[in-house]
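The following note is written for a reader who is new to the study of protein structures. Please keep the sequence and the structure in view while reading the numbered points.

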Amino acid sequence: MTFEYAPAPESRSVVDIDASYGLFIDGQFVNPIDGDRIKTINPATEEVLAEVSTAGPQDVAAAVAAARRAYDEVWSAMPGRERGKYVFRIARLLQERSRELAVLESLDNGKPIRESRDVDLPLAAAHFFSHAGWADKLAYAGLGPSPRSLGVAAQVIPWNFPLLMLAWKVAPALATGNTVVLKPAETTPLTALAFADICRQAELPPGVVNIITGAGETGRLLVESDGVDKVAFTGSTEVGKQIQRSVAGTRKRLTLELGGKSANIVFDDAPLDEAVEGIVNGITFNQGHVCCAGSRLLVQESIAEEVLDRLRRRLTTLRLGDPLDKNTDIGAINSAAQLARITELAASGDAEGAERWSAPCSLPDRGFWFPPTVFTGVTQAHRIAREEIFGPVLSVLTFRTPHEAVEKANNTPYGLSAGVWSEKGSRILWMASRLRAGVVWANTFNRFDPASPFGGYRESGFGREGGIAGLAAYLQEDDR
Amino acid sequence: MSEHEPSHAEASQAVSTQAVSTQASSTQASSTHGPFSTRVDVRKTYKLYIGGAFPRSESGRTYEAFDAQGVFWANVAKASRKDARDAVLAARTAFSGWSGATAYNRGQVLYRIAEVMEGRRRQLEDEIQQGQGCTADQARNLVSEAIDRWVWYAGWSDKLAAVLGSSNPVAGPYFNFSTPEPTGVVAAVAPRACSLLGLVSVIAPIIVSGNTCIVMASQGRPIPAITLAEAIATSDVSAGVVNILTGDPAEVMPWLASHADVNALDLSGVEDAALATLLEQQAAGTVKRVRRPKWVAGRQADAGSDWLAEPGLGAMRAFLETKTVWHPQGV
């Protein structure tokens, strides 16, 4: 007999969504001067959640001016000890309101509540807590005896981890003494707007954090503003390149956290149960909407069949559906546009001769969904082995020797992360030293921590977020 | 200056009038051999340094280099796009061996460059004095600083990971550590005015951590760069780790800035803001790291003093990546 899961939905009643939101500038919500309005929807149901503003040129200028004023008059002069206490307050407020924010995140983004509740929110709060402690200890950051802040930071973040990416941007900027104008992604603005309320509750001085919503044009206006000293962007490599080009010659400091096509490498001596869990986590965590997703499985030829059998069996057990159900493993694809991109790239896999297998799960009638999918018979030339899909689509390649594994893993313009599965310590360290990637997970995958630097090699971007290395992104460099 | 009436032979000998030059005195000595045995000096052909060899430019082009008095000094190879691409190939080929060498080994190789330069310091002093028009004392000081800079950087090779790396206390049962790793192939422009110390100050921080490089020498003062290449070529530096091109940065650098196998740019020597902006824009095509220190911008006129200060970590940090490795703890 088979056991059925009863529905176990998390209550929506903890969140209170306004019908319409303004822009958070200089400590208050204001209507856009020359902007417009867009709707944000629940990708699991296509229900409209709220209407938000898009900041136009004058709105962006007002936000940057507010951040500049706050920097000059309040934040840059405040002792680190006091500044840090505001950041601690924010960490505590995030913890206190974590259930509400987790539900809001799952509603707006489509990710399972299990992930927003157990990963996004705890990590976001931890990021503020950890960085708060740096505010009065910057002399120990390895950047000289009294490193100076940069000024106004323009921060543009993606839709895959809306609040967590906000935390990765805002926490280090505030702790190091910078002020912020942040633009969340157009499809996931709601937790950033809720964060504005947290800034209010923390009594953060007006203008220290400004949140302006909008699409790509708002982001472009923000990063190209003459009034910003620092640009931090997380998103696609394509847009990252445009931003790098646009700041050329301006002396703005830039950090980029871009795309990836990370290899997850399984050796024949790997602990297979753990490895299969790691492969599944690597590609289905957050529906594969993860820049460091383990989207290329490199499995040693001698165990390929066994690994694939176990992998298909495990993927078959995953539950796809209502993101607010506490038993859901796979939530909704974030938008129709992203679903179209995943669908198109998967079709290219078929067309180029790879073999598709998808988990036999039924997809809801409304909303945007894509089943966990595995392509075998993939060559390095296939688009599905080269391009970032940003969905739950795994491309499987095989190798015979460790040298071949390294060669194939590094055969990409990206370099964000890599996974290695083996019980042999010397082999893990040998592999780790040769993989051209910013994060190497050995016998684990998709682990994050505020104390652990994150960021890429090559076209996955430059600069680090987290750890002592991440502080350099928001402080004046010793450039000799 | 009358004793400097540049006879054909003297001018080509490239010895300035003020220089206390060994070459000048040897010329005098040779003239005692009699009216028909005056020794004709052997002139050097100044070439590029690519992959451990000294080729001419494949284009066959040269340009004229002059001394500080504006007297013709030498025809210098004018590097082309193809030369730049050859240099990238050499640097890429050398990267795995050089970055895979132990830090102790790299430190010894850099120290060896200092040793070899010490033995050629008179030649370098003469060239700086003639090329930059400074006094003998100033030239001597600049060479001493250049040699000492190699020694300073040599000592950093096995300390960078300890200073810039970290053990990270993550909230879970994991061992987690971060180490700096070289970015890869770096294309650089050496400062125009400070032809030796500036050049060394650009190359040393790039290669000490395991990067390989292509450096464009000072366009107007290229001679010390070629002599430095000769010192590097005899200092156990693997072929391709350092490649030195002479020529016009405005012509060659765009090819390097847009080359997909170049990982980073050092624009310390680019004085033309429009060129620097163009190169930064081209760098975006493959998300290259770009170093353009604020302190050198617009201050290139001084031939030495800007580069005399002891460097910090900035020039090394610019060409390092942080790699973080996680592993579970358990029994």
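1. A salt bridge is a side-chain nitrogen of Lys or Arg within 4 Å of a carboxyl oxygen of Asp or Glu. By this rule, two salt bridges are counted between chain A and chain B. The model discussed here is a predicted one.

2. How many residues does each chain bring to the contact? Chain A contributes 44 residues and chain B contributes 47 residues. The area buried between chain A and chain B is about 3,700 Å², and carbon and sulfur atoms give 49% of it. On the side of chain A, the residues that lose the most area to chain B are A:Arg251, A:Asp479 and A:Arg480, which together make up 22% of what that side buries.

3. Polar contacts also cross this interface: 24 residue pairs of chain A and chain B are found in polar contact. The side of chain A that touches chain B draws at least two residues from each of α8 (237-247), α14 (425-434), β16, β17 and α15 (467-470). The residues on that side comprise 19 nonpolar, twelve polar and 13 charged.

4. The side chains of A:Arg464 and B:Glu321 meet in a salt bridge, with a distance of 3.6 Å from N to O. B:Glu321 also forms a salt bridge with B:Arg289, where the closest N and O atoms are 2.6 Å apart. This second pair links distant parts of the chain, since B:Arg289 lies in strand β9 (residues 289-291) of chain B and B:Glu321 in strand β10 of chain B, 32 residues apart. Are these two residues of chain B buried or exposed? B:Arg289 is buried at a relative accessible area of 7%, and B:Glu321 is buried at 3%.

5. Strand β16 of chain A pairs with strand β10 (residues 320-328) of chain B in the parallel sense, over three bridges. Within this region, A:Val440 has B:Val325 in β10 of chain B as its bridge partner. An open sheet of ten strands, mixed in its pairing, runs in the order β12(A)-β13(A)-β14(A)-β11(A)-β10(A)-β15(A)-β16(A)-β10(B)-β4(B)-β3(B). Its edge strands are β12 (355-358) of chain A and β3 (166-167) of chain B, each of which pairs on one side only.

6. Within chain A, strand β10 (residues 263-266) and β11 pair in the parallel sense over four bridges. There, A:Val266 has A:Val299 in β11 of chain A as its bridge partner.

7. Over all chains, the count comes to 46 salt bridges. In one of them, the side chains of A:Lys241 and A:Glu459 meet at 2.9 Å, N to O. A:Lys241 is in helix α8 of chain A and A:Glu459 is in the loop between β16 and β17 of chain A, so the pair links parts of the chain that are 218 residues apart. A:Lys241 is buried, with a relative accessible area of 18%, and A:Glu459 is likewise buried, at 13%.

8. A:Asn286 has a positive phi of about 55 degrees although it is not a glycine. A:Asn286 lies in the loop between α9 (272-284) and β11 (296-300) of chain A, and at 0% relative accessibility A:Asn286 counts as buried. A:Asn443 has a positive phi near 55 degrees and is placed in the loop between β16 (439-442) and β17 (461-462) of chain A. With a relative accessible area of 13%, A:Asn443 is buried.

Terms used
Residues are numbered from 1 along each chain as its sequence is written. Chains are lettered from A and ligands numbered from 1 in the order in which they are written. This is a predicted model: local features need pLDDT of at least 70, side-chain atom pairs count only at pLDDT 80 or more; totals for chains, interfaces and linings use all residues. Side-chain values use heavy atoms; hydrogens and water are left out. Buried means under 20% relative accessible area, exposed over 50%, partly exposed in between (1.4 Å probe, protein chains only). Contact means heavy atoms within 4.5 Å. Buried area is the accessible area (1.4 Å probe) that two parts lose on being put together, summed over both. A polar contact is a pair of N or O atoms within 3.5 Å; within protein, one must be able to donate a hydrogen and the other to accept it, and residues adjacent in sequence count only if both atoms are side-chain atoms. Ala, Val, Leu, Ile, Met, Phe, Trp, Tyr, Cys and Pro count as nonpolar, Asp, Glu, Lys and Arg as charged, and the others, Gly among them, as polar. Two strands pair if DSSP finds at least two bridges between them.
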